[in-house]
Amino acid sequence: MVFLGMCGFLWLFTASGHDDTAMFPTRGTPGKAWHSGLAISGDSLSAVTLMALVGLIAFTGYDGIMLSVGCVMSLVLLALLIAEPLRKAGGHTVGDALARRFPGRSVRTAVAVVTLAVCLPYLVLQLTAISALTCAVLGLTGGTAKTACVIVLGSGMISLALTGGMRGTARIQIVKVIALLLALAVVAVLVLHRFHWNPDRLLGAAASHSLLGDGFLGPGALYGHGWSGMANRIGQLISLALGIGFLPQVTMRVLAAPPGRATRTAMHWAVAQFLAVSAFLVVIGLGTAAILGSPALHQADPSGSSALLLITNTLKPNGVLVSVVICVVFLTALTTVTDVTLAAATSMARDLTPGEADRHDTPTRRQEHRARWAAALAGVVTIAVAVKAVDWNLLVLTTLALTLSSSGLAPVLFYGLLWPRFTARGALWCLYGSSVLGLLLIAVSPLISGSPAAAFPGWDFHRTTLANPALVTVPVGFALGWLGSITDRRDSAAEHYGKLATASLVGRSTG
């Protein structure tokens, strides 16, 4: 509580106050590239990712490690291909960045709709996970306690989003990343010290103490073998590699990066930090399997979400380190919820405002007020849904958010910033077509019904074995964008791309 109180004071002290653009990314202001890089990587790493990866690596070995690699690859793709063109294209939202390419309202509205469809499950996911962790730490049980935690934590996080604004959340992201690196580094060092700094001994102990034996170091533990298992593994990697780096809160931070070459430097910092965190999580996950053993971990927590806390308490029982790790996890969830709320609010206020964003490059006071009301509305909806979804399998929400991000937002940004012949029809087909297909495939997947771990275990209407539909939806999203563009005979595509390229060269923002 003392730690969170200190962060709250820092949040308010560095907040944007009553500035006209407090809720929007601030453009044109030079800043330190490493600050922006840490904020970008902090938005890429959520509390659920932090807690789930350690458990997945401890349970599945190779498959869990590959998931951490997929997370890193997402930021690498963002840094190599999209970050600089997106930052130079200008604007305060992705809809703004694509506005010069597609001057009409249709594409901006479609981007906003998909953005909100990504943000809502992501918000519910983070709030539900941190509420469950709060109940476990405080020793609270029962549905009433879980509901109370959701309401209290959700209200606090939304309040900080409204008061802190973009500047306040950026400062807290930097604090979170530094604290996270230090805490995870200490735990990883303790794990390696336990095995005398010998990676072979660590891997051997992890494999022998797992439920998989030699299969711990090979694929198939997470989704099984055969065609279905391979399809799910590839789909999971695709959704991570194209989904995390193109989440709305991440692209929002890229748009707020310093101008010029500092954008590239910021992305270098972001990738380096995310790579370090992933390496620490792999070591900690292997140490969890080697020291605790998969059977004991499964008995203590079948989901594996508390593996990080369990291994920390085993290495340093009843010590300060456990409290530090808990504080870092809470702060990670806090920053994730607030930044996703800001991304949803700015998209609603600017991209769904008919005509106003097209006339004003700088957000108006009216848009600022709308963004604050939109943030409050997003918070209320998130709390209401999280209360109902508190006992759900969180994998459903993760899969939904990453599928929509990787199948809709990623192809549109790739095509919109890099392909001259991309048209508005291609963008609309890609955004709406891939999103509808993703929702349909998830609705008939084992995540929703037909298994004990499904969202509705008492029902069975699943029609596919694909737990992750990204293997289908991502290629379909790119194909729809291509097909819609080549069948659109209008000649304005190259002209609008030329305007976007000119704006990118001079670094001007677009409305």
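Student: Which elements each supply at least two residues of the lining of the second largest cavity?

Tutor: This is a predicted model. The second largest cavity holds about 40 Å³ of space. Its lining consists of Gln236, Ser239, Leu395, Thr398, Thr399, Leu402, Thr403 and Asn468. The elements that each supply at least two of the lining residues are α9 (226–243) and α17.

Student: Which elements give two or more residues to the lining of the largest cavity?

Tutor: The largest cavity has a volume of about 130 Å³. It is lined by 16 residues, and those nearest its centre are Thr93, Val94, Thr115, Pro248 and Thr251. The elements that give two or more residues to this lining are α6 (105–138), α10 (248–255), α14 (320–351) and α17 (394–418).

Student: Is serine 405 buried or exposed?

Tutor: Serine 405 has its place in helix α17. Leaving aside neighbours within four places in sequence, serine 405 is in contact with Val118, Leu242, Gly243, Phe246, Leu247 and Ala410. Buried means under 20% relative accessible area. Because its relative accessibility is 0%, serine 405 counts as buried.

Student: How many residues apart in sequence are the parts that the pair of tryptophan 34 and tryptophan 269 ties together?

Tutor: The structure holds nine aromatic pairs. In one of them, the ring centres of tryptophan 34 and tryptophan 269 are 6.2 Å apart and the planes stand at 45°, so the pair is tilted. Tryptophan 34 lies in helix α2 (residues 33–44) and tryptophan 269 in helix α11 (residues 262–291), so the pair ties together parts whose separation in sequence is 235 residues.

Student: Is tryptophan 459 buried or exposed?

Tutor: Tryptophan 459 and phenylalanine 461 form a tilted aromatic pair, with 6.2 Å centre to centre and 55° between the planes. Phenylalanine 461 is partly exposed, at a relative accessible area of 31%. For tryptophan 459 the relative accessible area is 55%, so this residue is exposed.

How values were computed
Residues numbered from 1 in each chain as written. Predicted model: local features only at pLDDT ≥ 70, side-chain atom pairs only at ≥ 80, totals over all residues. Heavy atoms only, no water. 1 Å grid on protein atoms, 1.4 Å probe; cavity = no way out; pocket = protein on both sides within 12 Å on 5 of 7 lines; lining within 4 Å. Points joined across faces, edges and corners; volume = space filled by probe spheres on them. Helix = DSSP H or I, 4+ residues; strand = E, 2+ residues; numbered from the N terminus. Buried < 20%, exposed > 50% of the residue type's maximum accessible area, 1.4 Å probe, protein only. Contact = heavy atoms within 4.5 Å. Phe/Tyr/Trp six-rings, centres within 6.5 Å; stacked < 30°, edge-to-face > 60°.
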